[in-house]
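Hi everyone, thanks for coming. I'd like to walk you through one structure today, so please have the sequence and the 3D view open.

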Amino acid sequence: MRPKLYLISLGCSKNLVDSEVMLGKLAHYELTQEISQADVIIVNTCGFITSAKQESIQVLLEAISARKEGALVVASGCLTQRYQEELQAQLPEIDIFTGVGDYDRIDQLIKAKQSAFSSSVFLAGAQNARVITGSKVHAYVKLSEGCNQQCSFCAIPSFKGALQSKQIAQILKEVEDLAKQGFSDISFIAQDSSSYLRDQGVKDGLISLIKAIDAQQAIESARIFYLYPSTTTLALIDTIAHSRIFANYFDMPIQHISNAMLKTMRRNSNTQAHLKLLTHMKSVPESFLRTTLLLGHPGESEEDMAILQEFLESFSFDRINLFAFSPEENTRAYHMPSLPDRLINQRLDTINACVQKQVQASMQKLLHQPIEVIVEGLSEDGLFLRARDRRWGLEIDGEILINESALDKVQHGHYRAICHTYENDILLGKIIA
């Protein structure tokens, strides 16, 4: 009988890729959704901000409580990398601790019942077998690990290290292998995608990669996450716009729009530069804009908030992530005077009202329009096809339920559809071609 494995991946899609590598190394295990039946339980933790750290600790405690007698509990990932000594002292019930450098050795660590923290960060590539989860059409591909930016609020460089990019040839091989497995839609991810290859002295590495993926013609669609404002150029935007494969999907976390806050946050940019890039993105036909805003950073004034609110009333995004400032060790902002939680929550509520209006408007624009969708499979109730706009990221940008009578005849992949009904933030449609 095969041993059983239960794995939960917390945090971002970059963490998910590393979890998929661990699944690949443990392919001889039978996956189970029942934690109490597992012989090995792996929690791939997130250590980005306070709420993520709290969730990771809670899940680890639940794993310890729910495991059957003799089962191993493994804690891996960013949280364990950041707090390896503290966690090992406070959670002796956990059998194996490992950080962000040994995902490809997880089978060896489990066999030896040994903890390990490598000095280097692991970067998944074509040489690492993965078990892709969550889709039969879509997969993530990492461009790089680490980050050379010096944002005041972000601790990622302290435990992920400096930027290290994969070569274009390595990425092309990875994409080719995924295409052979049937994956036709790829999301390219990194901490700072627009700085790809800058660690190797190449300024326009992402432009070169896009052109290489276009020439390869192995997949049908792609998008890029996490463009950093100071390393995103008009030429990069134009390259995406002219690509045959990459969707006009622009995910650029601006964090704020006030000059004063951008300087305090050490974003190496300013309001004028932000607006120039965003306006250019907006001018691209069928563009889809996603951003992230950070509220409550130390030093944020009422004037800064008024500037941000006025900006959101005049410039629209399709999706916006909102975060409250979290004081993180080993960051510049950690030592700055914090704003009251009550004030931060009020500001989140105010901006969230603007965000919801923008998302509603973005969804409304699809009504009665023929669009290309990617069909992922059946909905949970089995009555609809579950799909998304070709531009959208998996699970984060929305879902289209397609009312199709011949459900069993439609395969996973790309289709044309017309969206005709709007209800509870879900578009309903019918395949037309």
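**A short tour of the model**

Let's start at Cys46, which sits in the loop that runs between strand E3 (40-45) and helix H2 (50-66). Before going on, please keep in mind that this is a predicted model.

Next, the domain annotation. The unreviewed UniProt entry also places the feature "domain: Radical SAM core" at residues 133-362. In the model, that stretch is 40% helix and 17% strand, and its end C-alpha atoms lie 28 Å apart.

Now for a helix pair. Two packed helices are described by the angle between their axes and the distance between the axes. For helix H12 (residues 302-314) and helix H13 (residues 341-364), the angle is about 10° and the axes are 10 Å apart. That makes H12 roughly parallel to H13. If you'd like to find the contact on your screen, look in H12 for Glu302, Met305, Leu308, Gln309 and Leu312. They meet Leu343, Arg347, Thr350, Ile351, Cys354 and Gln358 in H13. Sorted by class, this contact of H12 with H13 has 6 nonpolar, 3 polar and 2 charged residues.

Let's move on to empty space. Rolling a probe the size of a water molecule over the atoms shows where such space is left. How many cavities of 30 Å³ or more does a search of the whole structure find? The search finds 1, and the volume of the largest cavity is about 60 Å³. Residues lining this cavity include Ser194, Arg198, Lys203, Asp204 and Thr231. Helix H8 (residues 205-216) gives the largest share of the lining, with 3 residues. By class, the cavity lining has 3 nonpolar, 4 polar and 3 charged residues.

My last stop is the second largest pocket, which holds about 420 Å³ of space. It is lined by 22 residues, and the closest to its centre are Glu286, Leu366, Ile371, Asp389 and Arg391. Helix H13 comes back here: H13, strand E11 (246-251) and strand E14 (370-378) each supply at least two residues of the pocket lining. By class, that lining has 9 nonpolar, 4 polar and 9 charged residues.

That's my tour, and I'm happy to take questions.

Notes:
Residues numbered from 1 in each chain as written. Predicted model: local features only at pLDDT ≥ 70, side-chain atom pairs only at ≥ 80, totals over all residues. Heavy atoms only, no water. Axes fitted to C-alpha atoms, helices over the stretch in contact; angles between N-to-C directions. Helix = DSSP H or I, 4+ residues; strand = E, 2+ residues; numbered from the N terminus. Parallel < 35°, antiparallel > 145°, perpendicular 65-115°, else oblique. Contact = heavy atoms within 4.5 Å. Nonpolar A, V, L, I, M, F, W, Y, C, P; charged D, E, K, R; others polar. 1 Å grid on protein atoms, 1.4 Å probe; cavity = no way out; pocket = protein on both sides within 12 Å on 5 of 7 lines; lining within 4 Å. Points joined across faces, edges and corners; volume = space filled by probe spheres on them. UniProt positions renumbered as here; feature names shortened; annotations may be inferred.
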